[in-house]
Amino acid sequence: MTVRKKYLLAFTPENANLPVIAVLVQKFGIIPNIMQAKVNERGGRLVLDIEGDTESLEKAKAYILEQGVEMRELDRHVFRDEWRCIHCGACVSICPTDAFHVDMDSYEVRFNPEKCIACEACIQACSPKAMKLELW
Ligand code: SF4
Ligand code: SF4
């Protein structure tokens, strides 16, 4: 059965050089779509959208976890209730993936859900409760 899932991979300095994309493609026949990449020799994270058959995906996950790379499914979705947002900016600096920015023409805070990894930090920081979590 073919499935499509989104994953966050977190690297440490010890495994930051692991060629994850090449391994997924060549060893397991999985084609990942890279949604975010912030990795250097000190570690970092990748967000991948993966489509593949269930068995290959499970084998690939086992391999990656064996290398000490954290691999977490992003099965949560954070969205903004536009009616509640007062554009206070409290969420902008705490977001680890820069999913918010201030539009300098309108001074309104824009939210890009494509960059979100559902860490939930903005949900805690948003006093008007505009940021909400949805479980898939
Ligand atoms: S913290 Fe909440 S109200 Fe303030 S800008 Fe962000 S989403 Fe809008
Ligand atoms: S949940 Fe985390 S990653 Fe997503 S927008 Fe909020 S602070 Fe950014």
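The protein has three helices and eight strands, where helices (H or I, at least four residues) and strands (E, at least two) are DSSP runs numbered from the N terminus. This is a predicted model, in which local features need pLDDT of at least 70, side-chain atom pairs count only at pLDDT 80 or more, and totals for chains, interfaces and linings use all residues. Residues are numbered from 1 along each chain as its sequence is written, while chains are lettered from A and ligands numbered from 1 in the order in which they are written.

**Overall build**

- Read from the N terminus, the order of elements is β-α-β-β-α-β-β-β-β-α-β.
- The C-alpha trace spans about 50 × 35 × 25 Å along its principal axes.
- The protein has 136 residues, and 20% of them count as buried; a residue is buried if 20 or more other C-beta atoms lie within 10 Å of its own, exposed if 12 or fewer, and partly exposed in between, with C-beta atoms placed from the backbone.
- Two residues are in contact if their C-beta atoms, placed from the backbone, lie within 7 Å.
- Of the contacts between residues at least 6 apart in sequence, 65% join residues at least 24 apart.

**Domains**

- The protein is divided into domain 1 (2-73) and domain 2 (76-135), with bounds that come from an automatic or database domain assignment.
- The C-alpha centres of domain 1 and domain 2 are 26 Å apart.
- Four residues of domain 1 are in contact with four residues of domain 2.
- On the domain 1 side, the touching residues are three nonpolar, one polar and no charged; Ala, Val, Leu, Ile, Met, Phe, Trp, Tyr, Cys and Pro count as nonpolar, Asp, Glu, Lys and Arg as charged, and the others, Gly among them, as polar.

**Around ligand 2**

- Ligand 2 is surrounded by 13 residues, of which the closest are C95, A99, C116, C119 and C122; a residue counts as near if its C-beta atom, placed from the backbone, lies within 6 Å of the molecule.
- This shell consists of 11 nonpolar residues, one polar and one charged.

**Positive phi angles**

- Most residues other than glycine have a negative phi.
- H87, which is not a glycine, has a positive phi of about 55°.
- H87 lies in the loop between β5 (76-80) and β6 (100-103).
- H87 is partly exposed because 16 other C-beta atoms lie within 10 Å.
- D98 is also not a glycine and has a positive phi, near 55°.
- D98 is placed in the loop between β5 and β6.
- D98 counts as exposed because it has 12 C-beta neighbours inside 10 Å.
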